[in-house]
Amino acid sequence: MLYALLCYNDEDMVFSWTKDQDAAVMAKIDVVREKLIREGKLGPSLRLLPTTAATSVRKNGNGEPLILDGPYAETKEQLLGFYIIDVADLEEALAITRALGEANPTSNYEIRPVGLYHGDERETARA
Amino acid sequence: MTDLAWLNAALVAARPQAVGALLRYFRDLDQAEEAFQEACLRALKSWPNNGPPRDPAAWLILVGRNAALDGVRRRSRDAALPDEAVLSDLDDVEAPLAERLDGSHYRDDVLRLLFVCCHPELPATQQIALALRIVSGLSVKQIARAFLVGEAAMEQRITRAKARIAKADTPFEAPGAVERAERLAAVAAMLYLVFNEGYSAGDGEARAQLCDEAIRLVRLLLRLFPAEPEIMGLTALMLLQHARSTARFDAAGQIVLLEDQDRSLWDGKLIAEGLALIDKAMRHHAPGAYQVQAAVAALHARAPTFEETDWTGVERLYATLEILQPSPVVTLNRAAALSKVAGPEAALAMTEPLADRLGGYFYFHGTRGALLLQLGREAEARACFDRAIALANTAAEANHIRQHIDRLSQNSTRPESGPSHAMRP
């Protein structure tokens with residue numbers, strides 16, 4: 001069974017951590033990650049960049065995509081899925097988002113750059 | 001991380017909002033700071049036992065305000081505020097209260113707090129010191145160390161700056177659109193000063209942490225004004241420049257120029273964030289000086305090597321910057337980029353008219369020397385390098401020029417490097 005674990009925190013506070021504080025948290029997280037890797041239970045894991053770097057694509061009243069600065073802040077919808085894409089710039093990411101939006105006309109998106117990416121580790125334990 | 005470290009991070013994060021709101025209530029900076037101080041003391045007592053509140057800023061504002069109003073009869077039309085025992089486990093209570101007290105004021109509170117530090121009569125160093133003291137909450141000792149001055153001198157400087165802004169008319173009404181834009185521009189300039197103060201410092205110095213602080217504050221500003229392309233540009237500019245910080249100094253603490261930096265040392269996370277922001281800003285089609293400078297930094301960040309830099313793009317961006325914010329230094333940077341695209345002769349011609357205004361500028365003579373060297377005009381190149389060395393501000397600058405002269409002395413081979421890029425490393 002696959003589960004996605006979504007991590008929430010207060011951005012103001014996390015970005016007020018000193019380098020040492022940040023490193024201390026990451027080191028503790030790494031201990032947990034390493035155990036999961038040994039057990040072959042860890043898929044991709046990543047750390048997102050701040051919401052200030054995000055762009056949202058919402059549907060306007062006519063169902064046309066509307067591009068807005070910042071995170072997706074509506075509470076009416078629920079998070080139902082996500083994609084990791086590898087592209088040159090925001091324009092390319094937006095083009096892909098539009099294509100996805102056409103395939104799934106009522107959906108909304110937040111495009112957020114990834115700061116730290118670890119790929120699927122499930123095979124690492126066996127290797 | 002200890003409990004105390006967590007707590008401290010929460011207080012630091014909440015400070016701009018909380019002090020900003022308290023300043024609006026009391027209309028007095030000292031009173032606002034005292035109230036915040038008092039609220040922090042109570043937080044240190046309360047939070048470790050009751051757990052941190054869901055919205056630390058709202059908690060600190062309420063408790064700080066209550067503390068300051070202790071002993072003062074509140075006007076009867078004021079709704080009674082719950083005491084802090086109630087506030088400590090306030091999930092339900094807190095949100096509507098905070099809403100009623102502040103609502104959308106938060107944004108303008110933080111902007112106002114930053115803006116009071118930008119008083120035009122205050123010299124740049126005082127603006128920076130004041131912002132670090134009031135908005136960031138650094139101690140006078142920390143700020144004094146960052147500026148390499150004594151604590152007493154810094155204390156005096158800050159006291160004087162505060163006295164001056166106390167006399168000034170601080171605008172407390174919610175600003176209109178034009179005023180808000182003006183305040184944003186002033187605050188952006190001040191934050192860039194804070195960043196530059198850190199950027200120009202050597203590696204590992206106390207001043208270098210000012211870059212982190214400037215980035216923290218500009219991110220906060222961007223969150224409050226998420227659709228302002230120039231604030232995106234400034235944030236991107238700081239991130240992209242700061243990404244190079246570990247590559248900018250060698251083991252001996254000497255500055256390493258952009259062309260010689262080990263790009264594998266650049267911080268990929270900061271670059272990703274900077275590139276995302278400059279991409280966002282460009283979509284607004286409202287170019288500004290910060291965006292253009294960030295776009296130049298982005299071209300450097302995207303280039304796998306110095307040689308593979310998109311010099312045509314860099315040259316065009318500097319041409320745009322010449323229009324937006326004309327300055328001889330910008331033209332000099334443009335000339336350095338032009339030499340990569342059109343050759344040293346064209347670049348040299350572009351620098352000619354700058355002699356009057358940049359005659360006392362190290363990079364002017366360094367750049368011209370390198371261009372002349374490329375053209376094989378060695379005697380003139382040597383004269384330029386000699387002038388540059390005489391004008392160098394740091395040992396690293398002088399060393400860089402000496403390398404050119406050394407090459408000149410042993411010169412049997414053609415010099416390979418182009419003009420030293422006038423843009424800072």
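A salt bridge is a side-chain nitrogen of Lys or Arg within 4 Å of a carboxyl oxygen of Asp or Glu. The model is predicted: local features need pLDDT of at least 70, side-chain atom pairs count only at pLDDT 80 or more, and totals for chains, interfaces and linings use all residues. Residues are numbered from 1 along each chain as its sequence is written, chains are lettered from A and ligands numbered from 1 in the order in which they are written, and side-chain values use heavy atoms, with hydrogens and water left out.

**Exercise 1. Characterise the interface of chain B and chain A.**

Step 1. With contact taken as heavy atoms within 4.5 Å, 28 residues of chain B meet 31 residues of chain A.

Step 2. The two chains bury about 2400 Å² between them, 57% of it on carbon and sulfur atoms. This buried area is the accessible area (1.4 Å probe) that two parts lose on being put together, summed over both.

Step 3. The rule finds 4 salt bridges across the interface. A:E11 and B:R223 form a salt bridge whose closest N and O atoms are 3.2 Å apart.

**Exercise 2. Identify the members of the largest nonpolar core that touch the most other members.**

Step 1. A nonpolar core is a set of buried Ala, Val, Leu, Ile, Met, Phe, Trp, Tyr and Cys residues joined through side-chain atoms within 4.5 Å. Buried means under 20% relative accessible area, exposed over 50%, and partly exposed in between (1.4 Å probe, protein chains only).

Step 2. Among the 116 residues of the largest core, B:L60, B:L191, B:L221 and B:M238 touch the most other members. Helix α1 (residues 3-26) of chain B contributes the most, with 12 residues.

Step 3. Leaving aside residues up to four places away in sequence, B:L221 touches B:L111, B:L114, B:L184, B:V187, B:L191 and B:I231.

How values were computed. Helices (H or I, at least four residues) and strands (E, at least two) are DSSP runs, numbered from the N terminus.
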